[in-house]
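Trainee: I have a model open and would like to talk it through with you. Could we start with its pocket and then look at the rest?

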Amino acid sequence: MKKLILLTMALLAAAPATMAKYPIGVSLSMIGTPDSENIISVKEAGIDYVEVVFNYFWRKAPENECYTRAYQVKKRLDEAGLKVWSCHLPFSRQLDISVLDPQQREENVLFMERMIRLARIFQPQRLVLHPSSEPINDDERETRMQNSANSIGRLALAAHEIGAVLCIENLPRTCLGRDSDEILRLIENYPEVMVCFDSNHLLKEEYPRFLEQVGNRIGTVHISDYDRKDERHWLPGKGIVDWPDFYRRLKNTGYKGVFMYEVSANDTESPRQIVRTHKEVILGNHK
């Protein structure tokens, strides 16, 4: 009996990391309008977690109206029995926390602080923040890196006040945080700040290196596939990512969060397709 127990323990220790499965989540951006019907479809697909995208609340509407929208979505999520893992703070070319103009940067940070206070109603564990917009010229990159880092430190305090962890998202092209070196520089002075790893934003670095370098600073993920020429937000299996290898490497970093899908609404039929893709492409279960 003792030998059998020891053998079982050895087999468990040698088992692949993919045996322990992450819970699945979806960004509400992929269901279009977060009305009751679309939100219920997420729960009916067998998904328990969502990321609330704040762009829905404030784009094309005065700021004072976004609060009503937020409470409406909160009510629909509660009625559907869905849990909020993360909130994605607003982003646009105008809402850049690295912008050179001090007054504009101050206004942008103040706005983000208000949105973080609003996020309290969702009780998220993670807050996702873009470190910049684009385009960014090479001659201003270093200054904007410092500006963004300063803004991140301030917003980390606001996140702490609502009991959430601020996660800085790696971004593509000329944006700040376009590889592991830059993303780590942005958060190096803030041990409480983590990273939102977007799998289809890496254009200058392979994902194995990013995962190795950033490691236990990954606080949440955005999952989608691409061609490494630009971000695509495709369903896994349509691009170049080796998903079983990606999943194994992510497990090895010690990440313990939600496997959050951020797939284009034009690239998926329904939340059920996400669940099916996860089983077949990520986990390799074709049954």
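Trainee: How do the residues of the lining of the largest pocket divide into nonpolar, polar and charged?

Mentor: Keep in mind that this is a predicted model. The largest pocket has a volume of about 750 Å³, and 35 residues line it. By type, the lining residues divide into 15 nonpolar, 11 polar and nine charged.

Trainee: Which residues that line the largest pocket are the closest to its centre?

Mentor: Happy to point them out. The largest pocket is lined by 35 residues. The closest to the centre are N55, R59, F91, H130 and E262.

Trainee: Which element gives the largest share of the lining of the largest pocket?

Mentor: Start with the elements that give two or more residues to this lining: strand 2 (49–53) and helix 3 (55–58). The largest share is three residues, and the element that gives it is helix 3.

Trainee: What percentage of the residues of the protein chain count as buried?

Mentor: A residue counts as buried when its relative accessible area is under 20%. Applied to the 287 residues of the protein chain, that gives 54%.

Trainee: Is E106 buried, partly exposed or exposed?

Mentor: You will find E106 in helix 5 (residues 102–119). Buried means under 20% relative accessible area and exposed means over 50%. E106 has 34%, so its class is partly exposed.

Trainee: How far apart in space are E106 and S151, C-alpha to C-alpha?

Mentor: In sequence, E106 and S151 are 45 residues apart. In space, their C-alpha to C-alpha distance is 8.7 Å.

Trainee: Which residue just after helix 9 takes a positive phi?

Mentor: Look just past the end of helix 9, where the phi is about 90°. The residue is G254.

Definitions and conventions: Residues are numbered from 1 along each chain as its sequence is written. This is a predicted model: local features need pLDDT of at least 70, side-chain atom pairs count only at pLDDT 80 or more; totals for chains, interfaces and linings use all residues. Side-chain values use heavy atoms; hydrogens and water are left out. On a 1 Å grid over the protein atoms alone, a cavity is a set of points where a 1.4 Å probe fits but cannot get out, and a pocket is an open set with protein on both sides within 12 Å along at least five of seven lines; lining residues have an atom within 4 Å of a point. Grid points are joined across faces, edges and corners, and a volume is the space filled by probe spheres set on the points. Helices (H or I, at least four residues) and strands (E, at least two) are DSSP runs, numbered from the N terminus. Ala, Val, Leu, Ile, Met, Phe, Trp, Tyr, Cys and Pro count as nonpolar, Asp, Glu, Lys and Arg as charged, and the others, Gly among them, as polar. Buried means under 20% relative accessible area, exposed over 50%, partly exposed in between (1.4 Å probe, protein chains only).
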